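Subject: A structure for you to explore

Hi there,

Here is the structure I promised to pass on to you.

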Amino acid sequence: MGHFYITTAIDYANGEPHAGHAFEKIGADAIARYRRLRGDRVHFVIGMDEHGQSIPQEAARRGIEPAELVDELAGRFRAVWDSLGVSYDDFIRTTQPRHARAVTALVERVREAGDLYMGTYEGWYCVRCEAFRAEDELVDGRCPLHPDREIAWTEEDNWFFRLSRFRDPLLAHIEAHPDFIRPESRRNEIVRLLEGGLEDVSASRSRIPWGIPFPGTEDHTVYVWLDALTNYLSAIGFPDDAYREWWPADLHVIGKDITRFHCVIWPAMLLSAGIELPRSVWGHGFVSVEGGKISKSAGARLELEALVERHGPDAFRYFMLRETPWDGDRDFGSPARLLASFDERYNAELANDLGNLLNRVVAMVRKYREGRVPAGDDTELDEARRGALSGYHASMEALLLHRGAQAALDLVREANGFVDRSRPWDLARAERDEGAGQGALDASLGSLVRALAATAVMLTPFLPGKSRTLWEQLGGEEPVPSFDALEDRTAGLTGVAGGAVLFPRDDA
Ligand code: ME8
C-alpha cells in the first residue's frame, strides 16, 4: 500500500470562490479519491492564503478588520468545498499559529544556510500577484496579468533570499526528475526561465504588518509567497519530526500562473534549508468564459453556487473535469455556450447514457431473474470492461483526468450497445417459449451488472455521491469497493436494490 501526500494552492482570502478555484480543488480531489480507491493512504490538504497586502486593502474597502475578512472567507470557501464533496483531510490557514511556527523555523534555516541578506528594493509591486514586476514586464505601465489595477512603485529595505544561487541545482534536479514539473509544457517554460538566469528575491516586506514577523527584525514581515508556500510543510507539523510521515509531498496541484513560485522559489527555499523536494508539481490550465473569469461574465447564472445548483454538485464536478483537459485550458465561449454544454453533457451522458443503462439493467434483472443478480459466463462486454479499466488506470496515473472520465463513459456506451445487440428480452422469450437454457440471459445480465459495478468505481473520483448510489442500486453495500476488491465484491452482489432515478432529466 502506497502513501500519497497531495496539496492544492491555498486560495487568497481576498474574494469569492469561483469556478477556477473549483476546477483545481475538484481535480485534486479526483486524484486523491482515485489514490484511495487504489488502496493508498492519502493525505489531502487545501486551505487559505490569508496574509499579504491585498487582504488588509480588501478589508478596509469593506470597512472590517482583516481578521474578520479572512474568517468570513475561509468559512465561505470551506462551505463550497464541502458542498462539492472535496474530501480534504486538513484545511490549513496561514493565520494559524501552527503555520507561523513553521514559517519562522524555515526562515531560520535559510538564514543559517547563509541565503538571506539585507538590501534595498526598488520596483513595481502588483498587489494582486503579491509580487514585484520588472520594468520590462509592464504593459502600458501596468501588471500584464492585472491591467485593471494600479501598480505601485515601492522602495524599501528588505531581506533578500539568494535565489540566484539555485539556478544550476534546479536545472540539474529538473533534468534528473522528469516528473518534477508536469505537464511538459510547464517544464519547458520553467527550464527556459532558469536558463535565462535568476535574480535574488525579497524575503521580507517592511511596513506590511499583516503577516508573520520576520524572525529577528522589528518591522518586517515574511514576504507573502514565502509564507504561503510553507503551508505545505506547516500542515504536516513541520518543524516537528512528525512532518516526515508525509514529506516529501507527492503532488502539488496548482495553476499555471503560479508555477514559477512552485517550481523555482519553493524548491530553492527547500534546497537552502536542506529539506527534500516535493516529487511533483502539476500546473493545470485555466478555465474561462470569453477569455475572463467565469463568474465575472455578465448576465447568465455563472456564479459558482448557481452552477453547482444547476444539476447538483456531482454533475458540476463531472462537467468541469470532463470538459477541460487537466493538462490544458478551456475557454467556454459565451456564458450561454457554457450553460448549453453543461446541459448537454448532463442530459446526454449522465441522464441518458448512464442513468438509462442503470434503469434498464435493474428492470431486466427484476423482470427476468426476480431481482437476483446472475453470475453467468463472460461476454464481449466483460472484455470491454477489462479494456476500459486498463485505459482508465493509464489515464488516471498520468493525471489525464478528462481521459479517465472518458474511459468510464466509453464503457457505459459499450454496455448500452451490448443491451441492444444481445437483446435480453429475446433471450427471455426463448427461455419461456422455446425451452432455451438460462445460460445466455445469465451471461448477458451478469456482464451488464459487472460493467455497471466497474463504472461505479471508475466514476467515484468524478461523481462520488452518485457513484455510491449507483453501487447501492446494484445491491452493493457501502462503501464503493476499492479496485482490488472490485471483482470479489461484484461477485458478492446478490440482488439489485434499484431506487430513484439517478440523474433526473432536465430540459431547462
Ligand atoms: O494564487 N482557472 O491564490 P488565488 C483555473 N494564494 N484555475 C484558476 C483560475 C482559473 N480561471 N483562477 C485561479 C493564489 N486559479 C495564491 C496561491 S499557493 C502557496 C498560494 C487557480 O486565489 C490559481 O492558478 O489567486 C491557483 O492555483 C488557485 O486557483 C488559487 O488562486
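Let's start with Arg 322, which sits in helix H11, the stretch covering residues 313-323. Please keep in mind throughout that this is a predicted model.

Is Arg 322 buried or exposed? Its relative accessible area is 9%, and buried means under 20%, so Arg 322 counts as buried. What does the side chain of Arg 322 make a polar contact with? The partner is the side chain of Gln 406, at 3.3 Å. Setting aside neighbours up to four places away in sequence, Arg 322 is also in contact with several other residues, including Arg 345, Glu 349, His 402, Ala 405, Leu 409 and Arg 413.

That brings us to helix H14, which runs over residues 401-422. This helix has 22 residues and reaches 32 Å from its first C-alpha to its last, close to the 32 Å expected at 1.5 Å a residue. Arg 423 is found in the loop between H14 and helix H15, which covers 424-434. With a relative accessible area of 38%, Arg 423 is partly exposed.

Arg 207 is not a glycine either, and its phi is about 60 degrees. Look for Arg 207 in the loop between strand E10 (204-206) and strand E11 (220-222). How accessible is Arg 207? Its relative accessibility is 59%, and exposed means over 50%, so Arg 207 counts as exposed.

Now for the ligand. How many residues surround the ligand? There are 23, and the closest are Ile 10, Glu 24, Asp 49, Gly 255 and Asp 257. By type, the residues of this shell divide into eleven nonpolar, eight polar and four charged. Several elements each supply at least two residues of the shell: strand E2 (11-12), helix H1 (19-37), helix H7 (224-229), helix H8 (231-234) and strand E12 (251-255).

- Tyr 12 has a backbone N or O atom that lies 3.0 Å from an oxygen atom of the ligand.
- Asp 49 has an N or O atom in its side chain that is 2.8 Å from a nitrogen atom of the ligand.
- Val 287 has a backbone N or O atom that lies 3.0 Å from a nitrogen atom of the ligand.

Taken alone, the ligand exposes 660 Å², and the protein buries 93% of that.

Next, have a look at the loop between H8 and E12, where you will find both Pro 239 and Pro 248. A cis peptide bond joins Phe 238 and Pro 239, with omega at about 5 degrees. The peptide bond from Trp 247 to Pro 248 is cis as well, and there omega is near 0 degrees.

Ala 131 is in strand E6, residues 131-133, and at 2% relative accessibility it counts as buried. Which residues is Ala 131 in contact with, leaving aside neighbours within four places in sequence? They are Trp 124, Tyr 125, Cys 126, Tyr 223 and Phe 261. Ala 131 and Trp 225 are 94 residues apart along the chain, yet their C-alpha atoms are separated by 8.1 Å.

Leu 171 lies in helix H5, which covers residues 167-176. Leu 171 and Arg 192 are 21 residues apart in sequence, and from C-alpha to C-alpha the distance is 9.8 Å.

Finally, Glu 58 has its place in helix H2, residues 54-62. Glu 58 is buried, with a relative accessible area of 12%. Apart from residues up to four places away in sequence, Glu 58 touches Asn 14 and Leu 69.

Enjoy exploring, and write back with any questions.

Best wishes

Technical notes:
Residues are numbered from 1 along each chain as its sequence is written. This is a predicted model: local features need pLDDT of at least 70, side-chain atom pairs count only at pLDDT 80 or more; totals for chains, interfaces and linings use all residues. Side-chain values use heavy atoms; hydrogens and water are left out. Helices (H or I, at least four residues) and strands (E, at least two) are DSSP runs, numbered from the N terminus. A residue is near a molecule or strand if one of its heavy atoms lies within 4 Å of it. A polar contact is a pair of N or O atoms within 3.5 Å; within protein, one must be able to donate a hydrogen and the other to accept it, and residues adjacent in sequence count only if both atoms are side-chain atoms. Accessible areas come from the Shrake-Rupley method with a 1.4 Å probe; for residues, only the protein chains shown count as cover. Ala, Val, Leu, Ile, Met, Phe, Trp, Tyr, Cys and Pro count as nonpolar, Asp, Glu, Lys and Arg as charged, and the others, Gly among them, as polar. The expected span of a helix is 1.5 Å times one less than its number of residues. Buried means under 20% relative accessible area, exposed over 50%, partly exposed in between (1.4 Å probe, protein chains only). Contact means heavy atoms within 4.5 Å.
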